[in-house]
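Work through the exercises below with the coordinates open. Try each task before reading its solution.

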Amino acid sequence: MNPISILLLGLAMSTDAFAAALGKGAAMAKPTFLQALRVGLIFGVVEAITPVIGWLIGSAASKFVEQWDHWIAFVLLGALGLHMIWKALHDTDEDEAGAADNKHGNIVTLALTGLATSIDAMAVGVGLAFVQVPIFLVAGVIGACTFVMVTIGVMAGRALGAVIGRRAELVGGVILILVGAAILYEHLSGAAGG
């Protein structure tokens, strides 16, 4: 994976958390920058850990599917991207209501919300185990992107609300599909050249 693909993957993985942060920011009366940083840090750490867990799970299975690894990564990333697009196009009022109910945002609740929005990052980690990637760099980029996006999302949430959140998820889904296609293309063009 090239650096641009890694950055795009990080941004795509942060869109779920960004959408949740918009809801969180909308639920808070007037979020301060320190509150936004705290929420961003919790989400970022959780989002950085989950792809490593997925990568470890995928690495254990990679010996058995080495011949099909690029196709597995493509299908997983494509399916996740399609799922994100589907979620963005369908009403998710229950997610926004859940974010609105949690006005105080204790650490456990924030971590659980972060985990819920990072399940896709774990699945991406599984897919990345089948291709040669520096997983700790990828996980760090995902965590950093999530930290920044969630911090911005909390601060912007009051003004922007859920409209931007759905669009962010839609863009994130398209990016995931493109990253999966890029992995497939890199592998197939490398195999054709070699």
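This is a predicted model: local features need pLDDT of at least 70, side-chain atom pairs count only at pLDDT 80 or more; totals for chains, interfaces and linings use all residues.

**Exercise 1: a residue in helix 7**

Task: find which residues Glu169 is in contact with, leaving aside neighbours within four places in sequence.

Solution. Glu169 is in contact with Thr15, Asp16, Met84, Lys87 and Ala88; contact means heavy atoms within 4.5 Å. Helices are DSSP runs of H or I with at least four residues, numbered from the N terminus. Then check the accessibility. Glu169 has a relative accessible area of 7%, so Glu169 is buried. Buried means under 20%, exposed over 50%, and partly exposed in between, with a 1.4 Å probe and protein chains only.

Residues are numbered from 1 along each chain as its sequence is written, and side-chain values use heavy atoms, with hydrogens and water left out.

**Exercise 2: the aromatic pair**

Task: classify the one aromatic pair that a search of the whole structure finds.

Solution. Rings of Phe, Tyr and Trp (its six-membered ring) pair if their centres lie within 6.5 Å; planes under 30 degrees apart are stacked, over 60 edge-to-face, the rest tilted. The ring centres of Trp71 and Phe74 are 6.2 Å apart and the planes stand at 85°, so this pair is edge-to-face. Now the spacing: Trp71 and Phe74 are three residues apart in helix 3 (residues 69-89), so about one helical turn separates them. Trp71 is partly exposed, at 36% relative accessibility. Phe74 is partly exposed too, at 27%.

**Exercise 3: the largest nonpolar core**

Task: which residues of the largest nonpolar core touch the most other members?

Solution. A nonpolar core is a set of buried Ala, Val, Leu, Ile, Met, Phe, Trp, Tyr and Cys residues joined through side-chain atoms within 4.5 Å. The largest has 24 residues, and Leu9, Val124, Leu128 and Leu176 touch the most other members. Helix 1 (3-27), helix 3, helix 6 (119-128) and helix 7 (135-193) each give two or more residues to this core. Helix 7 supplies the largest share, ten residues. Now take one member: Val124 touches Leu9, Met13, Leu77, Leu80 and Leu176, not counting residues up to four places away in sequence.
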